[in-house]
Amino acid sequence: RLFAHWFQYHWVSTLKLTFESSIDIWFLDDDPDVVTYNDFLDYFEADELTVVAMMCDDVFAPEALAALDRITRAAEQAPHVHRARSLTNIEIARIIDDGIAIGPLVDELPQTTEAAEAIRKLALDNAMLSGGMVAADSKATAVLVELAREGTTFEGKIALVGALEKIIEREQRDGRRFLLTGTAPFDAVIFHLSSRDFELFG
């Protein structure tokens with residue numbers, strides 16, 4: 001029996017079997033749900049989200065916003081990213097005298113406490129941001145990373161997660177803590193566990 005398990009393990013390892021990670025293999029090309037899904041992606045370009053959560057004493061402190069901006073810019077350059085959004089690059093609607101204007105929440109990164117407080121007020125007064133992208137107590141915020149269509153394979157998600165982990169590692173200082181969640185981290189873990197089990201048990 002021991003020989004059988006040894007043989008099975010080395011046989012599987014020698015074959016170097018791989019997973020087919022594309023969702024398309026499970027459906028016919030003309031499946032109505034697949035057609036609708038592809039039409040959705042053609043219009044919106046992305047439908048999977050990974051969240052980089054940043055926690056610290058005050059996310060609106062100038063040094064915290066600077067770190068958030070660095071993370072956002074670096075995430076935009078990570079593999080298979082369609083778009084990365086955070087407090088430092090998101091646009092909001094503001095009521096002005098003759099109507100509504102759309103513009104960035106942060107025109108430029110604050111260098112003073114007064115400038116940071118102005119951004120805090122705009123963000124926390126915005127019902128779309130407060131309690132969502134940023135915690136009402138200003139102790140947590142998020143970078144929302146949208147996965148591009150070509151990156152929705154296991155390989156694409158693993159590459160994205162690896163890049164984001166390196167970005168987080170560079171910024172994990174000065175009391176800042178991070179969590180990574182969403183479809184890409186979840187699927188990356190599932191892939192690694194499944195690959196390990198497949199090699200062990202066949």
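The expected span of a helix is 1.5 Å times one less than its number of residues. Helix α3 makes a handy test: for its 15 residues the rule gives 21 Å, and the C-alpha atoms at its two ends are 21 Å apart, so the two agree. Keep in mind that this is a predicted model.

**The overall picture**

The protein chain has six helices and six strands. Walk along the sequence and you get the pattern α-α-β-α-β-β-β-α-β-α-β-α. Of the 202 residues in the chain, 36% are buried. Take the contacts between residues at least 6 apart in sequence, and 69% of them join residues at least 24 apart. The accessible surface of the chain is about 12700 Å², with 58% of that belonging to carbon and sulfur atoms.

The loop between α3 (62–76) and β2 (81–85) holds His80. Most residues other than glycine have a negative phi. His80 isn't a glycine, yet its phi is positive, about 65°. With a relative accessible area of 26%, His80 is partly exposed.

Asp174 does something along those lines, with a positive phi near 55° in a residue other than glycine. Asp174 sits in the loop between α5 (154–171) and β6 (177–182), and at 63% relative accessible area it is exposed.

What does Ala163 touch, leaving aside its neighbours within four places in sequence? Ala163 is in contact with Ala78 and Pro79. Ala163 belongs to helix α5 and is buried, at 18% relative accessible area. The C-alpha atoms of Ala163 and Pro79 are separated by 7.3 Å, although the two residues are 84 apart along the chain.

**Salt bridges**

The count of salt bridges comes to 13. Here are three of them, with the N to O distance for each.

| Pair | N to O distance |
|---|---|
| Asp58 and Arg120 | 2.7 Å |
| Glu146 and Arg83 | 2.8 Å |
| Arg176 and Glu171 | 3.3 Å |

Asp58 and Arg120 form a salt bridge. The pair links distant parts of the chain, 62 residues apart: Asp58 is in the loop between β1 (46–55) and α3, while Arg120 is in helix α4 (residues 113–124). Asp58 is partly exposed, with a relative accessible area of 23%. Arg120, at 15% relative accessibility, counts as buried.

Glu146 and Arg83 also pair up in a salt bridge. Glu146 is in strand β5 (residues 140–148) and Arg83 in strand β2, so this pair ties together parts that are 63 residues apart in sequence. Which end is buried? Glu146 is, with a relative accessible area of 8%. Arg83 counts as partly exposed, at 40% relative accessibility.

In the bridge between Arg176 and Glu171, both residues are buried. Salt bridges with shared partners join Arg70, Glu171, Arg173, Asp174 and Arg176 into one network.

**A nonpolar patch on the surface**

Ile95, Ile100 and Ile102 make a nonpolar surface patch of about 390 Å². One of the three, Ile95, is found in strand β3 (residues 91–96). Ile95 has a relative accessible area of 78%, which means it counts as exposed, the cut-off being over 50%.

Conventions:
Residues numbered from 1 in each chain as written. Predicted model: local features only at pLDDT ≥ 70, side-chain atom pairs only at ≥ 80, totals over all residues. Heavy atoms only, no water. Helix = DSSP H or I, 4+ residues; strand = E, 2+ residues; numbered from the N terminus. Buried < 20%, exposed > 50% of the residue type's maximum accessible area, 1.4 Å probe, protein only. Patch = residues over 30% accessible without salt bridge, like charges linked within 9 Å, V, L, I, M, F, W, Y side chains within 5 Å. Areas by Shrake-Rupley, 256 points an atom, 1.4 Å probe, with all protein chains shown as cover. Salt bridge = Lys/Arg side-chain N within 4 Å of Asp/Glu carboxyl O. Contact = heavy atoms within 4.5 Å.
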